[in-house]
Amino acid sequence: MTLEETIDIYCAAWSERDPSYRQDLLGRSVAEDVRYTDPETDVTGIAALVDHISGVLAKRVGAKILRTSSIDSHHGSARFAWQMVNADGTVLPEGLDVVWIDEETGKLRTVLGFFGALRRE
């Protein structure tokens with residue numbers, strides 16, 4: 001599987017309402033002991049990430065996460081932009097994920113999420 005396919009499956013998990021299917025998507029795209037962190041949470045493991053996504057989706061019924069950029073990668077890491085689109089079509093500010101990739105499996109080992117655009121000084 002390519003890195004792009006892995007990241008797109010990971011993003012699809014963030015839009016999946018069925019926790020069992022979400023777990024399957026994450027099992028295909030992230031390491032079993034994945035660490036996910038953003039300004040609001042820090043969880044480890046697929047089960048914890050499934051639960052965290054459930055909480056996010058419960059607050060935004062019908063929302064989807066879409067990758068909005070190409071993927072830049074080097075030395076076992078990558079970054080990509082994403083955006084949440086609400087059920088009514090409104091969009092939230094773009095976010096950015098930086099990921100570290102397990103060299104043996106090609107799955108995401110760590111995901112570091114940021115919300116909103118970078119501020120310019």
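**Close-up 1. Two aromatic pairs turn up in a search of the whole structure.** Keep in mind that this is a predicted model. Let's start with Trp14 and Tyr36: their ring centres sit 5.4 Å apart and their planes meet at 50°, so this pair counts as tilted. Trp14 belongs to the loop between helix 1 (3-13) and helix 2 (19-29), while Tyr36 is part of strand 1 (residues 30-38), so the pair ties together parts that are 22 residues apart in sequence. Both Trp14 and Tyr36 are buried.

**Close-up 2. Trp82 and Phe115 make an edge-to-face pair.** Here the ring centres are 6.2 Å apart and the planes stand at 85°; with over 60 degrees counting as edge-to-face, that is why the pair gets this label. Trp82 comes from strand 5 (residues 77-85) and Phe115 from strand 7 (residues 108-115), so parts that are 33 residues apart in sequence are tied together. Trp82 has a relative accessibility of 11%, so this residue counts as buried. Phe115, at 38%, counts as partly exposed.

**Close-up 3. The largest nonpolar core has 28 residues.** Within this core, Tyr10, Leu26, Leu49, Phe80, Val99 and Leu108 are the ones that touch the most other members.

**Close-up 4. Helix 1 packs against helix 2.** The angle between the two is about 155°, and their axes are 8 Å apart. Helix 1 and helix 2 are therefore roughly antiparallel to each other. The crossing of helix 1 past helix 2 is left-handed. On the helix 1 side, look for Thr6, Ile9, Tyr10, Ala12 and Ala13; these meet Arg22, Leu25, Leu26, Arg28 and Ser29 in helix 2.

**Close-up 5. Helix 2 also packs with helix 3.** This time the angle is about 130°, with the axes 10 Å apart. Helix 2 and helix 3 are therefore oblique to each other. Helix 2 passes helix 3 in a right-handed crossing. Pro19, Arg22, Gln23, Leu26 and Gly27 of helix 2 make the contact with Ile46, Leu49, Val50, Ile53, Ser54 and Leu57 of helix 3.

How values were computed
Residues are numbered from 1 along each chain as its sequence is written. This is a predicted model: local features need pLDDT of at least 70, side-chain atom pairs count only at pLDDT 80 or more; totals for chains, interfaces and linings use all residues. Side-chain values use heavy atoms; hydrogens and water are left out. Rings of Phe, Tyr and Trp (its six-membered ring) pair if their centres lie within 6.5 Å; planes under 30 degrees apart count as stacked, over 60 as edge-to-face and the rest as tilted. Helices (H or I, at least four residues) and strands (E, at least two) are DSSP runs, numbered from the N terminus. Buried means under 20% relative accessible area, exposed over 50%, partly exposed in between (1.4 Å probe, protein chains only). A nonpolar core is a set of buried Ala, Val, Leu, Ile, Met, Phe, Trp, Tyr and Cys residues joined through side-chain atoms within 4.5 Å. Axes are lines fitted to C-alpha atoms, for helices over the stretch in contact, and angles run from 0 to 180 degrees between N-to-C directions. Angles under 35 degrees count as roughly parallel, over 145 as roughly antiparallel, 65 to 115 as roughly perpendicular and the rest as oblique. A crossing is left-handed if the near helix is turned anticlockwise from the far one by less than a right angle, and right-handed if clockwise. Contact means heavy atoms within 4.5 Å.
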